[in-house]
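Here is a friendly note to read alongside the structure. Please keep the 3D view open and go through the points in order.

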Amino acid sequence: MASGEEDGAVDEKENNNKKKTKSAIVTAWLTFYNIAMTAGWLVLAMAMARFYIQKGTHKGLYRSIARTIKFFQTFALVEVGHCAIGIVRTSVIVTGVQVCSRIFLVWFITNSIRQIQNEESVILFLVVWTLTEITRYSYYTFKLLHHLPYFVKWARYNLFIILYPLGVIGELLTIYAALPVVRRTGMFSMRLPNKYNVSFDYYYCLIIVMLSYIPLFPQLYFHMLRQRRRVLHGEVIVEKDD
C-alpha cells in the first residue's frame, strides 16, 4: 500500500514537472514571437517615416514597404494557430477574422491592384495598423515578462477607440477605390462558359466583403470595449481573455 502511494506521488511530481517544462517552453515561444512582431512593426514604422521625410510624399510608399508588410501581416496567421491549440486564451473566430481580413486586404487588394497603391486610404490603414500592432505586441511582451508599464496597458486599451474606426475607414475606402479597376479588368473573376462550369465575380465579392463590416465591426469593437472595462476598471466580465 505504501509503495502504491509513493508511486502515485512520483507520477504526480513527474506530471507537474512536465507541465512546468511545457509552460516554460510556451512562454518562451510567445515571448520570442511577440518581441519579433514588435520589432517588425517598428521597422515598418521607421521605414514609412524615413520614406516620407526623404520624398515628402506618400506616393510610392506602399511599394517601398510591400515585402515587409506582406511578411509580417501574413506571419500573424501563427496567432490563429496559438488560439486553435489553446496556448492563448482568445477566440479562434475573432482572431481568425481579424488576421484573415488584413491578409486579404494586403494580398488580394492592395498588392494585386497597383492603381490604388498610392491612395491616401492605403496610407491611413497602414499607419493605423502599425501603431496598433506596435502597441499590441509590446503589451503582450511586457505582460509575458511580468513587467507591464501602465502607459503600455493604457495605450493598448485606449488608442484602439480612435485607431480602430480609422483603420476600418481606410480599409473600406481602399476596397471602394479598387472596385472600378476590378470591374473594368475582370480580375480574379470566372465567366461562363468554362471547363469548371463555375461563375465567380470578384467585383461583387468585394461588395460583400464591404457589407460584412456592418455586422463584424460593432462586434469586434464592443469586444474590445468590454476588455477595456475589465482590464482598466476591474469589471468582472464572463468572457475569454483577450
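1. Which residues of helix α3 (residues 77-85) are buried? In this predicted model, they are E79, V80, H82 and C83. Looking down the axis of α3, you will find these buried residues within an arc of 155°, so they line one face of the helix. As background, an α-helix has 3.6 residues a turn, so residues three or four places apart point the same way.

2. Now turn to the other face of α3. The exposed residues A84 and I85 sit on the face turned away from the buried side. Just after α3 comes G86, which takes a positive phi of about 90°.

3. Next, the core. The largest nonpolar core has 52 residues, and those touching the most other members are W41, I69, I109, L126 and L206. At least two residues each come from α1 (2-55), α2 (61-75), α4 (92-110), α5 (120-144), α7 and α8 (202-233). The most, 10 residues, come from α8.

4. Leaving aside residues up to four places away in sequence, I109 touches F104, I116, T174, I175, A178, Y202 and L206.

5. The whole structure holds 20 aromatic pairs. One of them is the tilted pair of Y164 and Y221, with 5.9 Å centre to centre and 55° between the planes. Y164 belongs to helix α7 and Y221 to helix α8, so this pair ties together parts that are 57 residues apart in sequence. Both of these tyrosines, Y164 and Y221, are buried.

6. Compare the rings of Y203 and Y204: their centres are 5.2 Å apart and their planes are at 85°, so this pair is edge-to-face. Y203 is buried, at 14% relative accessible area, whereas Y204 is partly exposed, at 44%. Y203 also has R183 over its face, at 4.6 Å from the ring centre.

7. Two further spots involve aromatic rings. R156 lies over the face of Y157, 5.3 Å from the ring centre. Elsewhere, one aromatic cluster is formed by W29, F32, Y33, F71, F72, F75 and Y137.

8. Finally, where is N158 placed? N158 is in the loop between α6 (150-156) and α7 (160-185). Its relative accessible area is 12%, so N158 counts as buried. The side chains of N158 and R228 are joined by a polar contact of 2.8 Å. Not counting residues up to four places away in sequence, N158 touches R228 and L232.

Terms used: Residues are numbered from 1 along each chain as its sequence is written. This is a predicted model: local features need pLDDT of at least 70, side-chain atom pairs count only at pLDDT 80 or more; totals for chains, interfaces and linings use all residues. Side-chain values use heavy atoms; hydrogens and water are left out. Buried means under 20% relative accessible area, exposed over 50%, partly exposed in between (1.4 Å probe, protein chains only). Helices (H or I, at least four residues) and strands (E, at least two) are DSSP runs, numbered from the N terminus. The arc is that of the directions from the helix axis to the C-beta atoms. A polar contact is a pair of N or O atoms within 3.5 Å; within protein, one must be able to donate a hydrogen and the other to accept it, and residues adjacent in sequence count only if both atoms are side-chain atoms. Contact means heavy atoms within 4.5 Å. A nonpolar core is a set of buried Ala, Val, Leu, Ile, Met, Phe, Trp, Tyr and Cys residues joined through side-chain atoms within 4.5 Å. Rings of Phe, Tyr and Trp (its six-membered ring) pair if their centres lie within 6.5 Å; planes under 30 degrees apart count as stacked, over 60 as edge-to-face and the rest as tilted. A charge sits over a ring if NZ of Lys or CZ of Arg is within 6 Å of the ring centre and within 35 degrees of the ring normal.
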